[in-house]
Amino acid sequence: MFTKLYAATWGEVGKAKDKGFFDFDFFSWMAWTWQTAAFFIFIAICITVMLLWEKKVPGGSPRRGILGLDTTRGDRLFVSLLGSAFIHLAWLGLVGSLLWIATIICIAYFIVVFKYV
Amino acid sequence: MNKTINQKAWLFVIPVFVLVAFNAAIPLMTVVNYSFQETFGNNVFAWEGTRWFKQILLSERFHAALGRQIAFTFIILLIQIPLGIGIALTMPKKGWGVPVCLILMSMPLLIPWNVVGAMWNIFALPDIGFLGYTLNAIGFDYNFTQQPGDAWFTTILMDVWHWTSLVVLLSYAGLNSIQPAYYQAAEIDGASRWATFRYIELPKMKKVLTLAILLRFMDSFMIYTEPFVLTGGGPGNTTAFLSIDLVKMALGQFDLGPAAAMSLIYFFIVLLVCWVFYNLMMKNEAQS
């Protein structure tokens, strides 16, 4: 199923593609790549972990954090993910290369948000 | 008390999941996929990494469109919110005037966006439109198809005409929910009209006004149809707000990759603003 998931290369532009069993139009229309698939799998894992966490410690552990906002675990995940998007964008706009440093900053940001916000 | 556990309710949620998947999740995933690739159509894609994001973030064109968008949104908020409150304050509280005012106020809200655009386009044409012709006849050099200032003036006037009523209706509902006892207390204390407004009416309207500002912010930040029909983003690019510029890039130039990157950045900005307003509303909720 995932054999056609890789992005095409410039050499393949314009060439006719063989159709595999799972390579129906709906799937190819979405233009999946393994990188973006990995990103969405990561999001799905995040949500699953939140679900399991909620099963284990119900209630979402609400508290008032350093921003003065009443947050639950879900809010913290949202703030972390949205903040990470902005950190990555800011890094791309201001620095431009070595994007993995932004990712490391985001991991630290995640920890800070889940501990204090 | 023991609650019986019944998970059947989840079955009723399935249609919503399917609907959201098809109208939100799958298109959004596709936009994410497009934003990292280049295509010339025919379902052939080539990986480009973060190139489009970098290009959009550094592009003058995006900065200009974002600047215009923010300017437009702030101008219409600055006009519509005070004007809406003002009109709501002068509207009658009882009698035959109430339904008349309410119906008159909701009329512009019922007109489809593209009709509003077409109406204002004809209304403002300098040679045959009532507004355009009159302005020129009394000595103003007005032509919204050629002068950027006039195009902005017309777009803002159109939006104010179309959406101020929403603020009016919300504020009116907020004003009507204030108990008469507050006004009586203010009268006994000899409060001025301004003091009554500042210390009774405005705090009581805080909730609906936050909602009004959020709705007007979002609507004007995503505005497309009205300026598209009225000015088409012109003259030049002077009224090309974010969504107009986005459609130009995606469909006009078929630059799907950069357009996808731009729409994601646009989406993140919208999400951030929504989150801020949501928290403001929740804070209001907690206080009252």
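**Close-up views of a two-chain predicted model**

**View 1. The loop holding F254(B).** F254(B) is found in the loop between α12 (242-252) and α13 (256-287) of chain B. The model is predicted. Phi of F254(B) is near 55°, which is positive, and the residue is not a glycine. Is F254(B) buried or exposed? It counts as exposed, because 11 C-beta neighbours lie inside 10 Å and the limit for that class is 12 or fewer.

**View 2. The loop holding A31(A).** A31(A) sits in the loop between α1 and α2 of chain A. This residue too is not a glycine, and its phi is positive, at about 55°. A31(A) is buried: 22 other C-beta atoms lie within 10 Å. The cut-off for a buried residue is 20 or more. F254(B), by contrast, counts as exposed.

View 3. T145(B) belongs to the loop between α6 (130-137) and α7 (148-176) of chain B. Which residue is 90 places away from T145(B) along the chain, yet has its C-alpha atom 6.0 Å from that of T145(B)? It is P235(B). T145(B) counts as partly exposed, with 17 C-beta neighbours inside 10 Å. That count falls between the limits for exposed and buried, 12 or fewer and 20 or more. Across chain B, 69% of the contacts between residues at least 6 apart in sequence join residues at least 24 apart.

**View 4. The helix α2(A).** α2(A) has 23 residues. From first C-alpha to last, the helix reaches 32 Å. α2(A) is hardly covered, with one buried residue among its 23. α2 (34-56) is also among the elements that give two or more residues to the side of chain A that touches chain B.

**View 5. The contact between the chains.** On chain A, 24 residues are in contact with 24 residues of chain B. Elements giving two or more residues to the chain A side are α1 (25-29), α2 (34-56) and α3 (73-94). Which of them gives the most? α3(A) does, with six residues. By type, the chain A side divides into 16 nonpolar residues, seven polar and one charged. For the complex, the predictor gives an ipTM of 0.82 and a pTM of 0.84.

**View 6. Confidence along chain A.** The mean pLDDT of chain A is 82, and 77% of its residues reach 70 or more. Over residues 1-6 of chain A, pLDDT stays under 50. The model has ten contacts beyond four places in sequence for that stretch. Where pLDDT is low, predicted coordinates should not be read in detail.

**View 7. The setting in chain B.** Chain B contains 13 helices and two strands. Its radius of gyration is 24 Å, well over the 19 Å that the globule rule gives for 288 residues, so chain B is more spread out than a compact globule. The C-alpha trace spans about 80 × 75 × 30 Å along its principal axes. Buried residues make up 30% of the 288 in the chain. Mean pLDDT for chain B is 90, and 99% of its residues reach 70 or more.

Technical notes: Residues numbered from 1 in each chain as written. Chains lettered and ligands numbered in written order. Predicted model: local features only at pLDDT ≥ 70, side-chain atom pairs only at ≥ 80, totals over all residues. Contact = placed C-beta atoms within 7 Å. Helix = DSSP H or I, 4+ residues; strand = E, 2+ residues; numbered from the N terminus. Nonpolar A, V, L, I, M, F, W, Y, C, P; charged D, E, K, R; others polar. Rg over C-alpha atoms; globule rule 2.2 N^0.38 Å. pLDDT = per-residue confidence, 0-100. Expected span 1.5 Å × (residues − 1).
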